[in-house]
Amino acid sequence: MILFSSATPFRMNGHPAEYPGFMTDSSNSAMTDFHGGRRHIPSVDRLAGMVDHCALPRPVVIRLIREELSRIRDAVDSGSVAPESVDAAGRAGEAIRRFSRLRLGRVLNGTGVLLHTNLGRAPLPAAAADHIHAVASGYCNVELDPETGKRGRRGVYVEALLAQLCEAEDATVVNNCAAALVLSLRHFCSGDAREVIISRSELIQIGGGFRIPEILETSGAVLREVGTTNHTTVNDYRAAVSNHTALILKVHQSNFFMSGFVKSPSLRELSELSRHQSVPLMLDLGSGAITSTENWPGVPPEPGPASAMREGADLVCFSGDKLFGGPQAGIIAGKAEVVAALRRNPFFRCLRCDKLILSGLEACAEKYLENGSPESLPVSAMASASCEDLERRAKTVLAGIRPGKMDIAVIQCTATMGGGTLPRAAMPSVALEIGVPGWSAEKVHRALLHGCSPPLLTRIDRDRILIDLRTILDGQDSLLTACLNQLATSITRTES
Ligand SMILES: *Cc1c(COP(=O)(O)O)cnc(C)c1O
């Protein structure tokens, strides 16, 4: 593993020190044969020869070098840069490093945000990763009827497991929860009945660009808002029902909460209304906690799909990669005839999941069903970890760090769920607080992000760098120790 090497993730021919141009040093050997004007700028081939053994495909390296050289030539031609002062090799190396950081790869999550959307939300359990690998590395039975060897329906197995978990008659899966909502709305809203009744308190925005009113509109639904921001009663819903009603939709507020003079009807009240008026009731749960969140410190109870079904919802949807702890997916569960109709909807074909997702979901659903205690799913394992345990791990990491010019302390902090879920969850947690005398928090943050392999994402909290142990996964403590030791080395190098 290479840590804090300026050559990461590519290496040059021979030892990097032979090519100081790839460091930030301007006195590099690639410059020695330049004589005035554009002739000072080395050729693509010459630069490419210096970035052998690169993790990037060679044609990509060549393109990046060409682009950088072209920028340099423009700068030289326009007179904004003196040719003899251009560190072409250094700039090309930096361009290559910057681009190679975009490649998907592991990141250590020190932020204390469990479902960090920028970090791929839920980390998968090993069983899911193994199952995906086994299924995807050869042919598989994704659409094979095992009895006849002819064409079968995809997802049959995982759908049965998900239905069982949700205590629903049937279930299906699409690409994400947003897609689940769009598909369902397109199904329910047809002909003259296009109105979707929804409380004004639930016209929410999730993340960037997911707004419930816009989703409704693009799905061919007509928004029928009822109640007020803080107060909606079952009578508000009742008064809105007409021949044009397609659906009553309840959307989990997900990423915010209201307190004070707040009222909304219970699910039971709404389901009675829906039955009396023969209008279907759908719930967008967002997160969909399969097991109780009761034993998670600092986490309020979260309604799950099974209780929604028991209380009379016709259909629920939730994300696969939030509290469920699986791959990105939109899980839909509910009445058999509705789910079957969704599958027949032509739009379903545009949203269907591929074998990678289906196999990941299968393995996660099996975990839930196997033992009822899904602590083997990383999200629940992280959420239920005790502070004593986190503190013990923090101290072990601390003990592995060479004494140096860094100040490190084990402190108490608060972790959050993230991913637009459980906004009230304030999970007591334990962090390593890192300070480097003379360095800003931002500088330490960047050093750990760019200098480590895998990169370590930290949290900056009031100009302090925190590494929350709750989101450092099982088995990653030694990587964290190595990262911090590399930081120590790099501080020493900078100072000497
Ligand atoms: C997160 C969320 C969504 C979107 O889920 P994706 O799987 O990210 O598409 C939809 N509705 C609610 C209530 C959510 O919390």
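I started with Thr 414, which stands opposite Pro 428 in strand 12. Strand 11 and strand 12 run antiparallel and are joined by nine bridges. I noted what the terms mean: two strands pair if DSSP finds at least two bridges between them. Helices (H or I, at least four residues) and strands (E, at least two) are DSSP runs, numbered from the N terminus. The model is predicted, so local features need pLDDT of at least 70 and side-chain atom pairs count only at pLDDT 80 or more, while totals for chains, interfaces and linings use all residues. Residues are numbered from 1 along each chain as its sequence is written, and side-chain values use heavy atoms, with hydrogens and water left out.

**Entry: the sheet of four**

Next I followed strand 12 to its other partner. Four bridges join strand 12 to strand 15, again antiparallel. Here Ala 431 stands opposite Asp 468 in strand 15. Strand 15 (residues 464–468) also pairs with strand 14 in the antiparallel sense, over three bridges. Ile 460 has Ile 465 in strand 15 as its bridge partner.

I then wrote down the order of the open sheet of four strands: 11-12-15-14, with antiparallel pairing. Which strands stand at the edges? They are strand 11 (407–415) and strand 14 (459–461). Each has a single partner strand, so one side of each is left without a neighbour in the sheet. Neighbouring strands of this sheet are turned by 40° against each other on average, direction ignored. For angles, axes are lines fitted to C-alpha atoms, for helices over the stretch in contact, and angles run from 0 to 180 degrees between N-to-C directions.

Helix 15 (residues 387–399) packs on the sheet and touches strand 11 and strand 12 (427–435). Contact means heavy atoms within 4.5 Å. The direction of helix 15 makes about 15° with that of strand 12. I also found helix 16 (residues 441–450) lying across strand 12, strand 14 and strand 15. Helix 16 runs at about 40° to strand 15.

I moved to an open sheet of seven strands in the order 2-10-9-8-7-3-6, with mixed pairing. Strand 2 (170–174) and strand 6 (222–226) stand at its edges. Each has a single partner strand, so one side is left without a neighbour in the sheet. The twist averages 25° from one strand to the next.

Strand 9 (residues 315–319) and strand 10 (residues 330–334) run antiparallel, joined by five bridges. Leu 315 has Gly 334 in strand 10 as its bridge partner. Helix 5 (residues 156–166) packs on this sheet and touches strand 2, strand 9 and strand 10. Its direction makes about 120° with that of strand 2. Helix 11 touches strand 2, strand 9 and strand 10 too, with its direction at about 30° to that of strand 2.

**Entry: the ligand**

Last, I looked around the ligand. How many residues surround the ligand? I noted 13, and the closest are Ala 178, Ser 254, Asp 284, Ser 319 and Lys 322. A residue is near a molecule if one of its heavy atoms lies within 4 Å of it. A polar side-chain atom of Arg 121 lies 2.9 Å from an oxygen atom of the ligand. From Cys 177, a backbone N or O atom lies 2.9 Å from an oxygen atom of the ligand.

Terms used
Polar contact = N/O pair within 3.5 Å; in protein donor to acceptor, adjacent residues only side chain to side chain.
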